[in-house]
Amino acid sequence: MDISIITPIYNGNKYLNSYLKMIEDATSIISDVEVIWVNDSPNVPLEYDKELAKNIDLQIIENEKNSGIHKSRVNGLTKAKGEYILFLDQDDEITKDCLLSQYTKVKGYDLVITNGYFEDENGSHKIFENEYSLKFATKKKPYIFVRDFIVSPGQCLIKKEAIPEEWKENTLKNNGTDDFLLWLLMFNDGCKVTMNFECVYKHKYTGENVSLETDNMYKSQLELLEVLAKNNSYNKKDFKKLERTIKYKHNYKTNFVKETLKNIDIFCYNIIYRAKWKGYTLPNGKDKK
């Protein structure tokens, strides 16, 4: 099996038929693919057109209770047989050639980040305007000093064996940063990251995206820090910098001068980043995307 697509489903029946049509198109040019749905709203039976699934290797997992997106992804991962993993959200969109494009680019690497579009109430915007911006997102330091540069894990194809055990064993209760935790742990492990500038992915706007809820995102970031603080293998210097970055970006609006003087290195790095960055920006809990 080449690719396992894992998708948590939460009150998502309205997306399922479109999802299946999309996957059927994508698997018409790369066939060794399985789809794993993890129903995280177990009181709501999944309803979809079975005819649309007849040509898809589909497996459905029922969570015993609502467990959150991180735990659902891990539950799906335990059943995955693919060499590579795509954590696709129920409302994400991929192009017909997405799987083949990503699969071709990831060879020899642990993670490939593709370009694509981020949709919001104002329309659709390219995530990375040029290859420099995307290459910037393949490096560890910006994630420590600025933010998570990956809109959603559906943007990435991940080598299954490169997914850290710490990520599987420490599932976050607060939705929003489990993917950020994954990238931080993979960078810490020295995983090899590459890029795919083709626009083969779209993060849809539904008005319900957790990544746009600033307060909930901060709670999730604090939980992420708790997990990393207990991880003896995580780089301590990186942790201290990340902790300062997260708290600075949450607190500086109420006391800009005081917080900036305490975190002048982070402030300067972000100024340089702003001057060079050519990607899509919007206000949210992950700083600017």
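Let us begin with Val257. This residue is exposed, because its relative accessible area is 55%, and exposed means over 50%. Val257 belongs to helix α10, which covers residues 256-262. Together with Phe256 and Leu261, Val257 makes a nonpolar surface patch of about 320 Å².

Before going further, I must state that this is a predicted model. How high is the mean pLDDT of the protein chain? The mean is 92, and 93% of the residues reach 70 or more. Residues 282-289 call for caution: pLDDT stays under 50 there, although the model has 38 contacts beyond four places in sequence for this stretch. Where pLDDT is low, the predicted coordinates should not be read in detail.

I turn now to strand β4, residues 84-87. In a regular strand, side chains alternate between the two faces of the sheet. Are the faces of β4 covered or open? Both are covered: Tyr84 and Leu86 are buried on one side, and Ile85 and Phe87 are buried on the other.

Which strands does β4 pair with? Strand β1, residues 3-9, runs parallel to β4 and is joined to it by four bridges. Strand β8, residues 156-159, runs antiparallel to β4, with two bridges between them.

Thank you for your attention.

Methods. Residues are numbered from 1 along each chain as its sequence is written. This is a predicted model: local features need pLDDT of at least 70, side-chain atom pairs count only at pLDDT 80 or more; totals for chains, interfaces and linings use all residues. Side-chain values use heavy atoms; hydrogens and water are left out. Patches are made of residues with over 30% relative accessible area and no salt bridge: like charges are joined within 9 Å, nonpolar side chains (Val, Leu, Ile, Met, Phe, Trp, Tyr) within 5 Å. Accessible areas come from the Shrake-Rupley method with a 1.4 Å probe; for residues, only the protein chains shown count as cover. A salt bridge is a side-chain nitrogen of Lys or Arg within 4 Å of a carboxyl oxygen of Asp or Glu. Buried means under 20% relative accessible area, exposed over 50%, partly exposed in between (1.4 Å probe, protein chains only). pLDDT is the predictor's confidence in each residue, from 0 to 100. Contact means heavy atoms within 4.5 Å. Two strands pair if DSSP finds at least two bridges between them.
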